[in-house]
Amino acid sequence: MKKIIKLMVALGIMSLLLVGCSSNNDNGKTEAENTEKVEDQNENKTEDKDTSTKDEDTFVVGMEAAYAPFNWTQMDDSNGAVQIDGLKEYAGGYDVEMAKRIADGLGKKLVVKKMEWNGLPLSILSNKIDAVIAGMSPSDERREQMDFTDPYYSSDLVIVVKKDGPYSDVTSINDFEGAKITAMMGTIHYNVIDQVKGIDKMEPMDDFPAMRVALEAGKIDGYISEVPEAISASSANDNFTYNELTDGFVVEDPEQVSIAVGVAKDSELVDKINEILADIPQSERDQIMKDAIQNQPAMN
């Protein structure tokens, strides 16, 4: 009887071990089948990764498309606007026209991506775009993240104000005492705001359309900009004007009020784009800006 009991116990233990082995091997699948399943999952993860529009035949440019007359968003392809990648909207403006000429010079198709201003350098670093052509100045901080071409536009800093306001005739940055002044976040414009004596320095704003709305609503008395945007603003809104300052802002490096193309560090695109820019005469650049100011949508 004892032998029979021992035999039954032994058989029971063996059964448990077999069940345990089966459950640990993915419901009876062989080790090879489980390995194949893991490999398939890894392949699927690779396929799910974000795919970029970038390839050898395209020149992918990032811009905010909200900084007229340099770049803006519109709903059709009038006046040479380019459809924004992945959207039904189109991008137009000075930057778009320059980007088209650069793309032609490179022998590539232009692709425009619309993105937040602060995300532009990150998109270069992550290789999502080939270049930033977005009215961007080559500041020392940005040069730590990107390389820049020669400037493709240079301008002066001004202050956009209400035409019927108390600061419409001011010609010196020393005569804005008490004024509520702001500028766009992350730009040289906001960096120089402390040069305006005695102002009520407001928080920076996300973009120029937001500042125009704030000025119209009386939330601010003015914002710092550059001449083309100021002309654009006053053309779009008869209530706006801008101050050409005889006693104006001090900028140590002229490149800080110039605009250049930003590309990846050590990119061969710098020399190639510089060669293309060198073949665009100043008279043509001036005409492009004149057309951009004339063609900008009223909403911008």
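Q: At what angle do the axes of helix 3 and helix 9 cross?
A: Axes are lines fitted to C-alpha atoms, for helices over the stretch in contact, and angles run from 0 to 180 degrees between N-to-C directions. Here helix 3 (residues 94-106) and helix 9 (residues 269-278) cross at roughly 110 degrees, with their axes coming within 10 Å. Helix 3 is therefore roughly perpendicular to helix 9 (65 to 115 degrees counts as such; under 35 is roughly parallel, over 145 roughly antiparallel, the rest oblique). The residues in contact (heavy atoms within 4.5 Å) include Met98 and Arg101 of helix 3, and Ile273 and Leu277 of helix 9. Helices (H or I, at least four residues) and strands (E, at least two) are DSSP runs, numbered from the N terminus.

Q: What kind of model is this, and how are residues numbered?
A: This is a predicted model, in which local features need pLDDT of at least 70 and side-chain atom pairs count only at pLDDT 80 or more, while totals for chains, interfaces and linings use all residues. Residues are numbered from 1 along each chain as its sequence is written, and side-chain values use heavy atoms, with hydrogens and water left out.

Q: How is strand 12 placed, buried or exposed?
A: Buried means under 20% relative accessible area, exposed over 50%, partly exposed in between (1.4 Å probe, protein chains only). In a regular strand the side chains alternate between the two faces of the sheet. Five of the five residues of strand 12 (residues 222-226) are buried, so the strand is largely enclosed by the rest of the structure. Gly222, Ile224 and Glu226 lie on one side, Tyr223 and Ser225 on the other.

Q: Which strands are joined to strand 12, and in which direction do they run?
A: Strand 9 runs antiparallel to strand 12, with five bridges; Leu157 has Glu226 as its bridge partner. Strand 10 runs parallel to strand 12, with two bridges, and Thr182 stands opposite Tyr223.

Technical notes: Pairing = 2+ DSSP bridges.
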